Amino acid sequence: MTASASQSKKLYIETVGCQMNLLDSELVVASLRRQGYELVDVPKRADVILFNTCSVRQHAEDKIYSALGRLKHLKRRFPNKIIGVLGCMAQKDQGLIFQRAPYVDLVVGPGQLHRVPELIRQIEQGSGPKLEVSLDRTAGSRQQVAESFVSYDPLRDPQMRPTPYQAFVRIMIGCDKFCTYCIVPKVRGPEQSRPPEHILAEVRQLAQEGCREVTLLGQTVNSYKYRQGERSVRLSDLLEMIHPVQGIDRIKFVTNFPLDMTQDLLEAVRDLPKVSHYLHVPAQSGSNRVLKRMKRGYTVEQYREMLQRIYETVPQAAVTSDFIVGFCGETEEDFQQSVELVRWGRFKNSYIFKYSPRPGTKAYELYPDDVPEEVKRRRNNELLEVQNQISLELNEQFIGQEVEVLVEGPSKMAQKHADSTTGPIQLCGRTMCDRIVVFEGNLRQVGQILPVRIYDATPHTLLGMVVTHHVGPELYVLR
Ligand code: SAH
Ligand code: SF4
Ligand code: F3S
């Protein structure tokens with residue numbers, strides 16, 4: 001059913017959370033556009049207002065509930081507007097969302113997103129509120145629960161991708177690690193890998209549409225395993241399968257689980273030239289006591305050994321990590337061990353989070369949230385400062401070097417002062433190892449891979465100038 005152009009319906013969507021959610025939103029928007037919807041950038045102008053939500057920390061949920069709160073009056077004045085809550089918080093809070101915001105029409109978990117267009121249609125026809133979620137992890141056999149989480153991978157719509165040159169590709173859904181602090185296994189369901197042929201077909205299609213870089217997504221992407229008769233296809237095999245696809249120049253993958261960082265994968269990263277040397281492998285803590293309570297399944301010694309293996313196999317690797325500070329029972333000594341690991345690990349970057357207790361997790365049940373907020377804040381800042389110094393030192397090593405940058409678009413600064421579409425403009429892009437580079441260029445360079453010489457660095461950005469001489473005629477062919 002396609003609405004006629006004159007009465008095309010308007011859609012507004014707001015997304016929080018991880019790359020998985022960005023991809024889900026892209027796909028939901030694409031499917032609604034096929035039904036005739038058109039995107040608008042304020043809720044006031046929209047017929048359908050969607051929030052794709054995250055439950056990983058309390059703050060992410062608070063943001064959505066207050067955004068919903070702000071819509072109360074709008075909905076009173078325009079009762080036909082449809083308000084929907086999608087994603088992880090929908091799966092976690094389910095009917096509670098209707099209680100807290102009775103004017104919400106639609107609640108859909110991440111395993112049921114394929115039903116969104118149909119549910120909106122039913123609401124338009126007067127069905128009343130709709131709730132569509134997957135089974136709770138204890139509500140049935142593994143197979144029943146897994147079947148209720150459907151990987152949402154409809155055909156891609158090239159117009160909907162944030163940039164036409166880059167795309168996320170889901171290779172698996174869910175998580176089976178059950179780290180005690182984490183809500184993801186509950187809201188995203190059992191780990192399930194997509195068949196390699198489906199992934200390959202999607203990458204081929206993306207390449208045909210002009211995409212040059214794919215980022216393979218999974219909560220524990222390196223646990224990817226798809227059984228085909230006698231043999232299992234691992235992430236390293238998948239990389240090998242995708243590598244020959246013409247048009248694709250870069251392949252990235254996130255997020256890695258430390259214990260699954262196997263040698264075959266590191267060798268694939270080393271040997272396949274299109275595969276980025278960027279590896280996000282969260283440590284979470286540098287203290288064995290804390291790691292044990294988090295149920296991460298490794299000791300800090302094992303994590304260090306894994307890091308060493310990475311640097312031995314892929315010497316140019318840019319490794320990044322996540323850390324949680326102020327987890328239940330974390331002492332000053334435990335925290336200092338995280339500081340030590342950051343110093344020792346020489347991560348390109350670390351994302352640092354203050355522990356946020358999540359109802360529905362083991363940690364919430366078992367341990368009191370006993371580190372005061374101001375201590376969490378101080379530890380967060382201290383760890384960040386140590387990391388920033390390292391990030392700066394690592395970035396400074398690039399000064400004077402030439403790097404290859406896939407140009408993504410105007411830099412944040414240029415976007416703020418956007419009036420020139422023809423003259424020189426500040427552009428940004430990324431190196432093969434995921435470093436952000438800012439340089440002066442021209443909008444028609446977006447989507448090209450350009451040689452850039454670096455002349456300055458901050459902890460998170462390299463500043464450079466496009467190199468005009470040609471290093472090798474075939475290397476920088478303009479597309
Ligand atoms: N699947 C990925 C990322 C999961 S969520 C992984 O396994 O690493 C992203 C990050 O959020 C986690 O790495 C962790 O550092 C953080 N996180 C998860 N639960 C949290 C919580 N309850 N409080 C604070 N940070 C949390
Ligand atoms: Fe959460 Fe741990 Fe799974 Fe990552 S591996 S999604 S932190 S449970
Ligand atoms: Fe958040 Fe769900 Fe991603 S909880 S981090 S949006 S998997």
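## Burial and the model

A residue counts as buried when its relative accessible area is under 20%. Tyr355 has 5% relative accessibility, so Tyr355 is buried. The model is predicted.

## Ring pairs

Tyr355 pairs with Phe327. Their ring centres lie 4.9 Å apart and their planes meet at 85 degrees, so the pair is edge-to-face. The two residues are 28 apart in the chain. Phe327 sits in the loop between β15 and α14, Tyr355 in the loop between β16 and α15 (362–366). Phe327 is buried too, because its relative accessibility is 0%.

Phe323 and Phe347 form another edge-to-face pair, with 6.0 Å between centres and 65 degrees between planes. Phe323 belongs to strand β15, while Phe347 lies in the loop between α14 (332–345) and β16. That puts them 24 residues apart. Phe323 is buried at 0% relative accessibility. Phe347 is buried, also at 0%. The structure holds seven aromatic pairs.

## Ligand 1

Ligand 1 is surrounded by 14 residues. Tyr181, Gln219, Gln284, Asp322 and Ser356 are the closest. The shell has six nonpolar, four polar and four charged residues. Domain 2 (161–276) and domain 3 (280–396) both contribute to the shell, so ligand 1 lies between them.

An oxygen atom of ligand 1 is 2.6 Å from a side-chain N or O atom of Asp322. A ligand nitrogen lies 2.8 Å from a backbone N or O atom of Ser356. A nitrogen of ligand 1 is also 3.0 Å from a polar backbone atom of Tyr181. Alone, ligand 1 exposes 530 Å², and the protein buries 90% of that. Strands β15 (318–325) and β16 (349–354) each give two or more residues to the shell.

Conventions:
Residues are numbered from 1 along each chain as its sequence is written. Chains are lettered from A and ligands numbered from 1 in the order in which they are written. This is a predicted model: local features need pLDDT of at least 70, side-chain atom pairs count only at pLDDT 80 or more; totals for chains, interfaces and linings use all residues. Side-chain values use heavy atoms; hydrogens and water are left out. A residue is near a molecule or strand if one of its heavy atoms lies within 4 Å of it. A polar contact is a pair of N or O atoms within 3.5 Å; within protein, one must be able to donate a hydrogen and the other to accept it, and residues adjacent in sequence count only if both atoms are side-chain atoms. Accessible areas come from the Shrake-Rupley method with a 1.4 Å probe; for residues, only the protein chains shown count as cover. Helices (H or I, at least four residues) and strands (E, at least two) are DSSP runs, numbered from the N terminus. Ala, Val, Leu, Ile, Met, Phe, Trp, Tyr, Cys and Pro count as nonpolar, Asp, Glu, Lys and Arg as charged, and the others, Gly among them, as polar. Domain bounds come from an automatic or database domain assignment. Rings of Phe, Tyr and Trp (its six-membered ring) pair if their centres lie within 6.5 Å; planes under 30 degrees apart count as stacked, over 60 as edge-to-face and the rest as tilted. Buried means under 20% relative accessible area, exposed over 50%, partly exposed in between (1.4 Å probe, protein chains only).
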